[in-house]
Amino acid sequence: MRTAQQPRPKSTFESRTQIKTQAKPQARTQARPKPETRPDPRPRREVGRVRVTRTATAGATAPMRRAPRAPFVLLVIGLMCGGLVTLLLLNVTLAQGTYKERDLRSSIDELRQQAALQEKQVRDASQPEALKSRAPSDLVWDDSPPSFITSRPVDGTR
Amino acid sequence: MLRLSDPGRRLNAGLVVMAFVLSLLAGRLVQLQGLDSKVLQAKAADRREQSEKLPARRGSITDIAGHELAVTVEAREIYLDPKVVEPAKRDLVATTLATELNRSKEEIAAKLAKTTSRYAVVARDVDPLHAKKIMSFGFRGVGAKRTYYREYPGGRLAGGIVGFVGVDGYGLAGMESAFNKVLAGRDGEQSFETGGEGQRIPMTRSTRQEPVPGRDVRLTIDRDIQWAAQEAIAEQVKASRARSGSVIVIDVPTGRIVAMANAPEVDLTHWQDSPPGDRRNRAVSEVFEPGSTNKVITAAAAIESGTVRSDTVFRVPDSIQCADRRLKDAHPHPPESLTFAGIIAESSNVGTIMAAERISSQRLYDMFRAFGFGARSGVGLPGEEAGLLPGWQGWSGSQRCTIAYGQGISVTALQIASVYQTIANGGVRVTPTIVAGTTDGHGRFVPAPAPKRTRVISERTAREISLMLEAAVGHDGTGTEAAIPGYRVAGKTGTAMRYDQECGGYCGYTATFVGFTPADKPRLMALAVIQDPKKGHYGGTVAAPVFRNVMTFALKTRKIPPTGTKTPDVVLRAHR
């Protein structure tokens, strides 16, 4: 354990070490002028230092009210949960859409197959051979020559 | 011995065990995620990814009115995976499939017994709704694969023209073969990831290359006239106990083939059951000696040369010496004074030889060539023969005479039909066509290019021959059986000796009748040819009735009225 008077090691843990040191009330009063005389060139370390200072001040004078963290944390958790649920719902909806699409496609296929079957029935029924089998026997093969009605008598026509 | 009562030691031991277990897990993790990751990923993808070929729908072949002669319909292939079928249910599966698919139970049971096989086809071309019913039984190891089935609704209708496809859907004969590239289209492919039940997994990788459907081919055939032609020729072939027969009907002004029927005709639905000889289109693939129907070409050459007219009189005996052979008429008769029209009307071989003697062999040969003999007609039907027309330099003494009346050369039925189309069309030969057009990629109809038109003989010669042919169907002609009351019919009978490879010489006859109607303004021409009839063999008695029946039907179907004109008198005999 180091005290404030000890030479400060030039390590990256400089401020952390300082915090630990300054947490003790006796050392805090002696350590205060240090930051003024030796300003830390790295701004990121400044935050830790100010905090420490404020804590020390709060300990010495009237306690300052800390901003409550809970709502912020709850907000973040809420947002994350919301996002997660939305993503889940989206996924489920899409999956449901896929199932629905598959069902609809299956239904379309079946209707198309029914239509194809009926087309086939029509096609088969309209074939000359099928018509022949359904036609009355005296009309199956009428080989009489064609007859025409003319408005005036014409040689060679009936 | 290790004493574990000391908590520190216990902790250390636990730590070692945990470290060991964790190191095993870590090792496995490195193996799965690092070393084998690619192999495992590929295996997982293989299980998820479904890749399938999307077969292109083959185009239809239709008649001129759009009636389908060949159409592709969706079907299912029912297959078995014998390894998956539960042994206890094999009998039930075999019984059910046998009943549903009209197959023998033993056949299916035998397929089920081959448990080393993973794919055994039970039935092809099953209707999708029927396949669905089979799948609803829920048998494990029974599946239905989507396929296409080529359907020929007419069965034998236009069988020789349409042709058929093999099991793989590739055209093997007829238009199916000739237009295979147009009809086939291009298959597509798709791959996607599926779940256990075959449903697509959303938001996963999928690729799809759409199939390009085949294009439709529209023929010039009229389905109804085709059917009538098939009925008529089949009936006459049966009645005359002939070997085979063909009928061709052509639209004279356009050269479009309206019907092309053969007997026996291949049943396209069961083409495998037909003998190979019956699967072809005889009208273009069978060559024969044309006989008297060929006399019009001799007549055309003689009239065009200016040495003979229709009223030129010949003193015609019933036989004539030609080089080393004595050639005769069909019936013995005393010498007669016949006009050239009379020679054609009564189909005198001797008279035709006498007329042919007035022109050179080369002129006669050139006329044969101009009418299309010795070359394919240009119709584009597969299996078409060019016939046999020896060069005039090689004609022997008697061959020059026999060729004049149609013996010693070989032609196809379509080649003769084309000759009469030329005469009926005022001397202009229109290359016979059978394809009216195809559809393009958007389903729009694209007509086939206009056929080639060639003037072969003058209009005057054509008219003169037409009158001679009309006389041939008249009272004194040989083709009275072809007359259609109310219509002017021009035509020619043909009775040729038939060369038969089986007997190694001339055995039997080829009976032919070919003509057109109305004679003064021809709209349709028809040809009937019957090979080797046993009951009667004259073209005027065997083939002419077929011509009359088919032409009558075609006139009624096409609603072609008579022209109302009277047949001019043609002098057939001169009284000297």
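Reader: When do two strands count as a pair, and which residue is the bridge partner of I320(B) in β14(B)?
Author: Two strands pair if DSSP finds at least two bridges between them. In this predicted model, four bridges join β13 (residues 319-322) of chain B to β14 (residues 325-328) of chain B. The two strands run antiparallel. Within β14(B), the bridge partner of I320(B) is L327(B).

Reader: Which residue takes a positive phi in the hairpin of β13(B) and β14(B)?
Author: The hairpin has two residues between the strands. The positive phi is near 55°. The residue that takes it is A323(B).

Reader: What is the handedness of the crossing, and which residues of α17(B) make the contact?
Author: α11(B) passes α17(B) in a right-handed crossing. From α11(B) come V296(B), A299(B), A300(B), I303(B) and E304(B). From α17(B) come T461(B), E464(B), I465(B) and M468(B).

Reader: How many residues of that helix contact are nonpolar?
Author: The contact of α11(B) with α17(B) includes two charged residues and one polar residue. The nonpolar residues number six.

Reader: What secondary structure does chain A have?
Author: Chain A has zero strands. From the N terminus on, its elements run α-α-α-α-α-α. The helices come to six.

Reader: What percentage of chain A is buried?
Author: Chain A has 158 residues. A residue is buried if 20 or more other C-beta atoms lie within 10 Å of its own. Buried residues make up 3%.

Reader: Which element of chain B gives the most to the side that touches chain A?
Author: The contact takes 23 residues from chain A and 27 residues from chain B. On the chain B side, the elements that give two or more residues are β3 (68-80), α5 (128-135), α9 (223-239) and α18 (539-558). With four residues, the one that gives the most is α18(B).

Reader: How many charged residues are on that side of chain B?
Author: The side of chain B that touches chain A has 12 nonpolar and seven polar residues. The charged residues there number eight.

Technical notes:
Residues numbered from 1 in each chain as written. Chains lettered and ligands numbered in written order. Predicted model: local features only at pLDDT ≥ 70, side-chain atom pairs only at ≥ 80, totals over all residues. Buried ≥ 20, exposed ≤ 12 C-beta atoms within 10 Å, placed from the backbone. Contact = placed C-beta atoms within 7 Å. Nonpolar A, V, L, I, M, F, W, Y, C, P; charged D, E, K, R; others polar. Left-handed = near helix turned anticlockwise from the far one by under 90°.
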